[in-house]
Every structure is written in C-alpha cells, then in structure tokens.
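The entries follow the order in which I looked things up.

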Amino acid sequence: MRSPLRSVLLACGAVGIAVLAWAGLAPIETRTGADREQLFEIPRGTWARRMSGEDLGILPDEIRLTLGIRDILVLRNLDEVPQIFGPTLMMPGQSFRLPFEQAAEYQFACTAHASGQMRVIVYAYPATPWARIMWRARRL
Amino acid sequence: MNARTVRCLLLMLAAIVAAPVASAPALKAGVFDPPRDAPRFSLQSSGGGKVDLRSYRGKVVILGFGFTWCTDVCPVTLATLAQARRKLGAAADDAQVVYVTVDPERDDPARMKEYLHAFDPTFIGGTGGAAELAAVRKDYGIVAEKHVKGSSYSVSHSSYTYLIDRRGRLRALMPYGRGADDYVHDLRILLAE
C-alpha cells in the first residue's frame, strides 16, 4: 500500500510532467497585424507631472519581443508637448512603429532612462520544445 | 426594388467590403505617423558652401549624425549606406546621404570631405559651430556626449539614421546595425512615391 506522501509526490510529478509537455509541445500561433505590436504610450499630462517633480517610468529599461509573436515596438506620444521617447523625439499625437526581423539585442540611446540606454531584446520565434518552454516561462 | 435586385446589391456590397485593401508597402525602418517636416538647418557643407535640406527637395535624404574620428558606429553606417547606394544603381541619384558631425572641434569641412569621400564621393557632410550643431541635434532628438580619454576624447552619439522623403518629411528612423538590403528596400519605396 502506498503512503499518502508518496501518492502526493507522484501526483505532483505527473502534473509537472504534464505542464512541461504542454509548455514544450503545444504550438504557439504566429500573429499578424496589430496583434504583434508592443505598445507604450506617454499619457496626456506627463510633462506637467514631470515638471511638478513626479518620477514617471513609462518605458522599462528593457523591452523583450519575440519574432512572429510580438515583434513590433510601437511608441505613442499622447502628451501635449514633444517628448524624447525611446530612441527618438516624438511630436504630440505622433506614433513611432518599429518592426524587428532579426533576433538580437538592440541598444538605443534614451534620455528617459537614468542609464541613458534602452535595451530591446528580440528573441527568435520559439520553434523547438525547449524554446517554447522558455518563452512561456518568460511570460509568467 | 424586387428581392433579386436587393440580393445583387448586397452581394456587390459584400464583395467591396471583402476586397483586399491596397495598403502602402511597409518600411523596414521605424515609421513616424503622422510624419512631420524635417527640421531645417543650414550648415557648412563638406562640398563647399552650405548644406541645407531644402536644396534636396525632390530627393530622398538619409540623414545621419556622427564624427570622423568614430571608430565603431560611423564607419559601419557609412559603409552600409555606400553599399546600399551601389545596390540601388541609377536610382541612387535621387538618394542623398547627409552626415552631420557631433564633433565640431575636429570636423571641419575639409576633414569631413576627405573622410566621407572614402566611403562614397556623393556623401555630404555638415558642420558648424558647437551651439549651431547642438540646436540641430535638439531638433532631431539626437544625443551626443563627449568622453575625455587622456589627451584625446571620443563622442558617444545616437547611432540611427533618419529617412526624409522627397517632400522633406521625416518619415522613418533606421536603427543602427540594419543591413544595406533594408536600406535598399525602404529607399526603393520612398523613391517610388
């Protein structure tokens, strides 16, 4: 007769294997159009809030994209004044749409960050089971 | 109007809605929407006289910022642009590379001419006073920072280039590291407009 502890461990192991099998084998659909966009927006009033001393972090230091799934960086300035956003100067109401086609790490000068740099890491499309597991793990 | 006519009209409407929408081909560079007019400047030209973007209306301008003592970013970008122009063939006559210095202390027109001609004799350099160049950089959101190393110095700077269309609008930003084929792809689209 099995001990309750052993049964629990076996069940956990089975669940773990099932999760890993799903993560590695379940297909990831490629996306099209706007579904591939990773959008960051400067909300209206950001400049005024910054002028009043608020520390607003809109863009993360590091942006992670994946080819075929989410590989288009979109920046949008909804504020009433021009803003340096990511690598470039954007006018009020203007957007900037940058597609990536190669997996690599990209560095952009960005005055919005304390480091002066914005890093965009573009991963290859997760075509293998291990890559799919890693892709799903990064999304947790 | 009988039922048959109504059916025909509905079918025609459905066909129109379902028809693929002809959209402009996508650039590989980052695209500004809506595009704004490229900020004007008038700087000393490496070719003598002044370099003024207005004089290139009707051409596509590839605008870059750098300096002739740059050891990594600028040589790669300029070599890529030279290669792209060669690949464009005759169409390259309507594509003008303008390179604005971030190092006015060392980059005078003669130095820029010598440096740029090593890549492509059609490349034009722009230089001027420190304040004048700082104003241009501000208009374009370009970052440049001087780093002193012993008796010399280097300048870290934004590494991308801008693509300016025939109407003088700032259309796109090509990140550093993109190959000549990406430039050729986008220049062909912009030149066809």
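I began with burial: a residue is buried under 20% relative accessible area, exposed over 50%, and partly exposed in between, with a 1.4 Å probe and protein chains only. I take helices (H or I, at least four residues) and strands (E, at least two) as DSSP runs numbered from the N terminus. The model is predicted, so I note that local features need pLDDT of at least 70 and side-chain atom pairs count only at pLDDT 80 or more, while totals for chains, interfaces and linings use all residues. Residues are numbered from 1 along each chain as its sequence is written, chains are lettered from A and ligands numbered from 1 in the order in which they are written, and side-chain values use heavy atoms, with hydrogens and water left out.

**Entry: strands of chain B.** I looked up strand β10(B), residues 169–174, and found 6 of its 6 residues buried. For pairing, DSSP must find at least two bridges between two strands. β10(B) pairs antiparallel with β1(B) over 4 bridges, and B:Asp37 stands opposite B:Arg169 there. Strand β9(B), residues 161–164, is also joined to β10(B) by 4 bridges, again antiparallel. In that pairing B:Leu163 faces B:Ala172. β9(B) and β10(B) make a hairpin with 4 residues between them, and B:Gly168 in the turn has a positive phi of about 80 degrees.

**Entry: pairing between chains.** I then followed β1(B) to chain A. Strand β6 of chain A (residues 95–99) pairs with β1(B) in the antiparallel sense over 3 bridges. Within β1(B), B:Phe32 is the bridge partner of A:Phe96.

**Entry: extent of the interface.** Counting contact as heavy atoms within 4.5 Å, I list 21 residues from chain B and 17 residues from chain A. Buried area is the accessible area (1.4 Å probe) that two parts lose on being put together, summed over both. The chains bury about 1,500 Å² between them, 57% of it on carbon and sulfur atoms. B:Phe32, B:Arg36 and B:Arg178 supply 29% of the area that chain B buries against chain A, more than any other three residues.

**Entry: charged contact.** Which side chains meet in a salt bridge? With a side-chain nitrogen of Lys or Arg required within 4 Å of a carboxyl oxygen of Asp or Glu, I find 1 across the interface. B:Lys28 and A:Glu101 form it, at 3.0 Å, N to O. β1 (30–37) and α4 (130–140) of chain B are the elements that give two or more residues to the side of chain B that touches chain A. β1(B) gives the most, with 7 residues.
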